[in-house]
Amino acid sequence: MARVVVDVMLKSEILDPQGEAVLGALPRLGVTEVASVRIGKRVEIEFDENAQNVEEQSRVIADQLLANPVIESFTVSIEGA
């Protein structure tokens, strides 16, 4: 069985209000040396053991369903085979 991890992040030129909110809260926790925070999402997909073209299928899923290519980028990592 193959496990695929898709990480989706806002592109660097897109503002990240959630990341800014976390960054603004850090000093209240006593953390003052963080320069920036970006928030994304992680999606884990498990394919059947007989699945073919796992990486290609994962990229189609990420590109057409999980990420908005206008404002987000994604990476695909295969953790097991």
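**Entry 1: Glu 46 and Arg 3**

I looked up Glu 46 and found a relative accessibility of 45%, so I put it down as partly exposed. The model is a predicted one. Glu 46 forms a salt bridge with Arg 3, and their closest N and O atoms are 2.5 Å apart. I then checked where the two partners sit. Glu 46 belongs to strand β2 (residues 40-47) and Arg 3 to strand β1 (residues 2-10), so I noted a link between distant parts of the chain, 43 residues apart. Arg 3 has 29% relative accessibility and therefore counts as partly exposed as well.

**Entry 2: Arg 42 and Glu 79**

Next I turned to Arg 42, whose side chain meets that of Glu 79 in a salt bridge at 3.6 Å, N to O. Arg 42 is in strand β2 and Glu 79 in the segment after β3, so this pair ties together parts 37 residues apart in sequence. I read 48% relative accessibility for Arg 42, which makes it partly exposed. I also noted a network of salt bridges that links Arg 3, Arg 42, Glu 44, Glu 46 and Glu 79.

**Entry 3: a pair in helix α2**

I looked at Glu 55 and Arg 59, whose side chains form a salt bridge at 3.4 Å, N to O. Both are in helix α2 (residues 54-66), and because they are 4 residues apart there, about one helical turn separates them. Glu 55 is partly exposed at 40% relative accessibility, and Arg 59 is partly exposed at 36%. For the salt bridges I wrote down a count of 5.

**Entry 4: Glu 72**

Which charged side chain is buried yet has no salt bridge? I found Glu 72, with Lys 41 as the nearest side chain of opposite charge, 4.4 Å away. A salt bridge requires the nitrogen and oxygen to be within 4 Å. Glu 72 lies in strand β3 (residues 72-78). Leaving out residues up to four places away in sequence, I listed its contacts as Val 8, Met 9, Leu 10, Lys 11, Lys 41, Leu 66 and Ala 67.

**Entry 5: the chain as a whole**

I counted 2 helices and 3 strands, and along the sequence they follow the pattern β-α-β-α-β. The radius of gyration is 16 Å, well over the 12 Å that the globule rule gives for 81 residues, so I recorded the chain as more spread out than a compact globule. The C-alpha atoms fill a box of roughly 50 × 25 × 15 Å along the principal axes. Buried residues make up 25% of the 81 residues. Of the contacts between residues at least 6 apart in sequence, 70% join residues at least 24 apart. Last, I noted 7 positive and 14 negative charges, with mean positions 6 Å apart.

Notes
Residues are numbered from 1 along each chain as its sequence is written. This is a predicted model: local features need pLDDT of at least 70, side-chain atom pairs count only at pLDDT 80 or more; totals for chains, interfaces and linings use all residues. Side-chain values use heavy atoms; hydrogens and water are left out. Buried means under 20% relative accessible area, exposed over 50%, partly exposed in between (1.4 Å probe, protein chains only). Lys and Arg count as positive and Asp and Glu as negative; His and the chain ends are not counted. Contact means heavy atoms within 4.5 Å. The radius of gyration is taken over C-alpha atoms; the globule rule is 2.2 Å times the number of residues to the power 0.38. The place of a charge is taken as NZ of Lys, CZ of Arg, CG of Asp or CD of Glu.
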